[in-house]
Amino acid sequence: MANLNAPSGFAPVMYRDGSPWNGQGRLYCIAAAYTGALYVGDPVKMDTTNDGDANGIACVGIGTAGATVRGVIVAIGMTVSGTLQGGAYINPDNLSRTYRPSGAQSQNYYALVVDDPAVIFEVQEDTTTTPGQAAMLNKNANFVTAAPATGVYVSGTQLNSNTYADTSTLNCKVISVVQRPDNTPYIAYQKLLVTLNNHDFSTGTVGYA
């Protein structure tokens with residue numbers, strides 16, 4: 001059966017010890033001056049242009065292929081008047097908006113980021129040329145960020161099928177193919193379980209040859 005081509009970035013699933021992800025993350029700022037759009041499921045790195053907000057919350061921006069990352073966005077919102085930074089991860093001016101639009105904004109946005117390097121994520125492979133086969137297991141690979149399709153408001157990021165290698169600085173480490181009836185291994189758009197290998201809190205390791 002063909003796999004559905006429906007990228008949604010990185011979705012936290014479990015920890016490396018096998019326990020389910022507990023829903024926790026850390027608050028980060030998306031500076032008003034930042035000009036990129038950000039969505040749930042996007043990998044992020046530290047924003048070295050905008051270090052942090054006035055309350056000491058560090059700023060993030062979209063992750064870059066081959067660069068160190070801090071984590072993955074699981075919620076985005078704005079400061080609601082009278083609440084702590086981040087509020088309830090909503091946009092009080094537009095409750096249906098669950099992402100941070102592109103272009104400089106009138107105020108900071110805030111993101112809940114899963115920044116624990118022990119978390120395992122599900123991600124779709126892009127299958128630019130040939131789908132990864134058994135040899136990709138325990139290899140490393142970069143992600144490729146992309147805007148979502150029109151009308152979709154989650155990350156368009158996928159794992160780059162052209163980048164499987166042993167190199168320690170690649171973004172992700174492939175753990176396994178997702179075992180689910182709607183996911184056929186080794187064909188286009190397969191869903192994989194990965195960790196963030198090149199991480200701010202955990203030095204990247206080489207893949208297996």
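The legends below accompany an overall view and several close-up views of a predicted protein model.

In this predicted model, local features need pLDDT of at least 70 and side-chain atom pairs count only at pLDDT 80 or more, while totals for chains, interfaces and linings use all residues. Residues are numbered from 1 along each chain as its sequence is written, and side-chain values use heavy atoms, with hydrogens and water left out.

**View 1. Overall fold of the protein, with 0 helices and 12 strands.** Helices (H or I, at least four residues) and strands (E, at least two) are DSSP runs, numbered from the N terminus. The radius of gyration, taken over C-alpha atoms, is 17 Å, close to the 17 Å that the globule rule (2.2 Å times the number of residues to the power 0.38) gives for 209 residues, so the protein is as compact as a globular protein of that length. The C-alpha trace spans about 50 × 35 × 30 Å along its principal axes. Of the 209 residues, 46% count as buried, where buried means under 20% relative accessible area, exposed over 50%, and partly exposed in between (1.4 Å probe, protein chains only). With contact taken as heavy atoms within 4.5 Å, 74% of the contacts between residues at least 6 apart in sequence join residues at least 24 apart.

**View 2. The largest nonpolar core, which has 20 residues.** A nonpolar core is a set of buried Ala, Val, Leu, Ile, Met, Phe, Trp, Tyr and Cys residues joined through side-chain atoms within 4.5 Å. Within this core, Phe10, Phe121, Leu159 and Val194 touch the most other members. The elements that give two or more residues to this core are β7 (119–124), β11 (172–177) and β12 (191–196). Beyond its neighbours within four places in sequence, leucine 159 is in contact with residues including Val123, Ala141, Phe143, Tyr164, Val174, Leu192 and Val194. A second, separate core of 12 residues includes Tyr34, Met78, Tyr109 and Val113.

**View 3. An edge-to-face pair of phenylalanine 10 and phenylalanine 121.** A search of the whole structure finds 4 aromatic pairs; rings of Phe, Tyr and Trp (its six-membered ring) pair if their centres lie within 6.5 Å, and planes under 30 degrees apart count as stacked, over 60 as edge-to-face and the rest as tilted. The ring centres of phenylalanine 10 and phenylalanine 121 are 6.0 Å apart and the planes stand at 80°, so this pair is edge-to-face. Because phenylalanine 10 lies in the segment before β1 (11–15) and phenylalanine 121 in strand β7, the pair ties together parts that are 111 residues apart in sequence. Phenylalanine 10 is buried at 2% relative accessibility, and phenylalanine 121 is buried at 1%.

**View 4. A stacked pair of tyrosine 39 and tyrosine 99.** The ring centres of these tyrosines are 5.1 Å apart and their planes are at 20°, so the pair is stacked. Tyrosine 39 sits in the loop between β2 (26–30) and β3 (43–46), whereas tyrosine 99 sits in the loop between β5 (71–78) and β6 (109–114), so that distant parts of the chain, 60 residues apart, are linked by the pair. Both tyrosine 39 and tyrosine 99 are buried.

View 5. Asparagine 171 is buried, with a relative accessible area of 0%. Leaving aside neighbours within four places in sequence, the residues in contact with asparagine 171 include Thr64, Gly66, Val69, Asn142, Phe143, Thr195 and Asn197.
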